[in-house]
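Visitor: Hi, I'm new to this one. Could you walk me through it while I look?
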Amino acid sequence: MSARPSLFSRLPDKLGVLIAALVAVGTMLPLALLRANRIVPGEALPIWQALPAFQAGILIVALLICVIASIWLRVPGLRLGGAIGGVAILLVLMGQAGGYLTPAGNDLARVSPAAGFWLLLFALSLTVTDALAKMKLRPIWRILGVLLAGVGLLLLLGSGQWDDLSVLREYQVRSAAFWREAERHLLLAFGSLSAAVLIGVPLGVACFRVPRLKSAVLNLLNIVQTVPSIAVFGLLIAPLAWIAATIPGAARIGVSGIGAAPAMVALFAYSLLPVVSNTVIGLENVPGRIRDAAFGMGMTRRQAFMAVEVPLAFPVILTGIRIVLVQNIGLATIAGLIGGGGFGVFVFQGMGQTATDLILLGALPTVILATASAVLLDAVVEISESSATRTMRA
Amino acid sequence: MSMAILIRLAMLALLAVFLVQPEVFAPFFALFTTRGAPPIYVQSDLLSLALNHMAIVVTAVLGATVIAVGLAVLVTRPNWSEFLPLSRALANIGQTFPPIAVLALAVPAMGFGNGPTLVALFLYGLLPIFENTMTGLSNLPPTVQEAARGMGMSDRQRLWQVELPLAMPVILGGVRLSTVIAISTATIGSTVAARTLGEVIIAGLLSNNIAFILQGGLVVGAIAVLVHDGFVALERRMSRRAGQG
């Protein structure tokens, strides 16, 4: 027997078997849904009817390769490559199904991805996630990976491959509104985050210094978090309208009872707790001996704070910011309910018209944004942790 | 009886009176209405809304507890450790999905009503319980594990009689987090016609009636605070018992 490690494992991989089962079911389920217009029920088509014979063959062979790779291939890098290739082929061919199924010159017919597509995408993403988790990539590679995935997505959208799919049909008739709401969504999520950091971090430092303040502030913020978000959004309408009407100049800088202002204030209120409490925890976790050493070196209180405490607490504060950003990107959708704009507008319009494509137009960008920011900020937190450890050693 | 307990009892009493006899509070909520709008939501019975709200929350959190604890126990066994990185990553990614997106996307598949809310709350509940169970199971004192093995306990006996009871306070902490999040998130379910207290808030948003928004928000907030404190008390008692046992 040779001692050289083999590329293939002798026993089938348990996860691989699970993924194979998912892919098998996904192949049987309909790949695409063809409807005469955007709201009537449609006809569900399996792979071999949704695509021309040649493309259907390519897809099935590609899926087969992915399944074999995930059951017997041992090297995570190769499994990752295989699964990413599979996802790319699935995405491109889904777009082709749109062109193939739409009758020429028909603007009303809608082709949308069906259960089979989503299950296949889920199964392949499981393989990608598992391979990535096992490879334990350095943070910098994870950041590059997210950027590459973003470029790939933009290329796919720009190439017009998906133009015949229903979600993009919805986009084409309201592209101006889409970008306006996208801008509003980002403004809400990042604006409230910046305000929460500007106020929350100093507040956290104050709480760390004054224990009595700490319990009062944290208790209050905890209670704010238990009030449901839609109620907070709604309750802010009246006070803000009052401020706009009574305080001179408030209306001129955009304060008003409807629109973005209540949404912004509500997101800010929700963001404060994670920022303040993580700042307190981060500062409390700085080991006492390190603080003593800083004073022993002759540092003043202020110097010790800036040179030792802040850098050491930074990763924990950054984790709080990560929580807030992901939470805000999700919560900003609720602004759509009170006229605050954002992607939620499409979600709620879509629910009102029972138009799934329109819901997807609002939901997909939100999910992609939230997941991408989570992965990016997790990587940045890890980088800051290793530099904090270096500070501690120095 | 301490001050803290008295405040909570008073809160519970207020909540109970409000759910059974909301008209008692009409003069208070009338302060927030304009042009003679109704101060109290009467379109449906508040008590039945609250009960249905809690039924959805309890069902979703129970489901999430069974799956998340089961999964955490499974991936901490040596034979199934290859699933550990994946399940951790999945629970993490599941948490980044905005609840409103999960709700909206579940509607085409399940129709309007309680179903989509159950799914969203279930998905949202998984991560805190999973993470806490993992922490609880992996931070057991090695001496206790050794002692249990030395007494000749089988793997299964150790899991049920030693590992799970010792990890219970930490697991409960995860269940508490999930429950409190679920109580507040369930209100969003009313945008897709789930019968929850969110109905009151949404009625207020639609008819521009602050009193409705306020009473809906206060009731849900009060329930969340009481449930949170109940869990904390239970955890304290459990960890005291785990420490003695």
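Predicted model: local features only at pLDDT ≥ 70, side-chain atom pairs only at ≥ 80, totals over all residues.

Visitor: Okay. How many bridges join those two strands, β1 and β2 of chain A?
Guide: Three bridges join β1 (residues 32-35) to β2 (residues 43-45), and the two strands run antiparallel.

Visitor: And β3 of chain A, in which sense does that pair with β1(A)?
Guide: Antiparallel, over four bridges; β3 covers residues 110-113.

Visitor: Got it. Now a helix: where is A:Gln55?
Guide: A:Gln55 sits in helix α3 of chain A, which runs over residues 53-72.

Visitor: Is A:Gln55 buried or exposed?
Guide: Buried: its relative accessible area is 18%, and the cut-off for buried is under 20%.

Visitor: So what does A:Gln55 touch?
Guide: Leaving out residues up to four places away in sequence, A:Gln55 touches A:Leu93 and A:Gln96. With A:Gln96 there is also a polar contact between the side chains, at 2.8 Å.

Visitor: Switching topic. How many residues does each chain put into the contact between A and B?
Guide: Chain A puts in 40 residues and chain B puts in 36.

Visitor: What area is buried there?
Guide: About 3200 Å² is buried between chain A and chain B, and carbon and sulfur atoms give 82% of that. Why quote an area at all? Because the size of an interface is often given as the accessible area lost when the parts come together.

Visitor: How many salt bridges does the rule find across that interface?
Guide: One. B:Glu82 pairs with A:Lys14 in a salt bridge, and their closest N and O atoms are 3.6 Å apart. As for polar contacts, the rule finds three residue pairs across the interface of chain A and chain B, both residues being at pLDDT 80 or more.

Visitor: Which elements of chain A give two or more residues to that side?
Guide: Several helices do, among them α1 (14-28), α5 (115-135), α14 (301-331) and α16 (356-393) of chain A. α16(A) gives the most, with nine residues.

Visitor: And what kinds of residues are on chain A's side?
Guide: They divide into 24 nonpolar, eleven polar and five charged.

Visitor: Let's turn to chain B. How many helices and strands does it have?
Guide: Ten helices and zero strands. Along its principal axes, the C-alpha trace of chain B spans about 75 × 50 × 20 Å.

Visitor: How much of chain B counts as buried?
Guide: Of its 245 residues, 48% count as buried. On contacts within chain B, take the ones between residues at least 6 apart in sequence: 75% of these join residues at least 24 apart.

Visitor: Why does B:Pro78 count as exposed?
Guide: Because its relative accessibility is 71%, and exposed means over 50%.

Visitor: How far is B:Pro78 from B:Val175?
Guide: They are 97 residues apart in sequence, and C-alpha to C-alpha they are 25 Å apart in space.

Conventions:
Residues numbered from 1 in each chain as written. Chains lettered and ligands numbered in written order. Heavy atoms only, no water. Buried < 20%, exposed > 50% of the residue type's maximum accessible area, 1.4 Å probe, protein only. Polar contact = N/O pair within 3.5 Å; in protein donor to acceptor, adjacent residues only side chain to side chain. Contact = heavy atoms within 4.5 Å. Pairing = 2+ DSSP bridges. Buried area = accessible area lost by both parts, 1.4 Å probe. Salt bridge = Lys/Arg side-chain N within 4 Å of Asp/Glu carboxyl O. Nonpolar A, V, L, I, M, F, W, Y, C, P; charged D, E, K, R; others polar.
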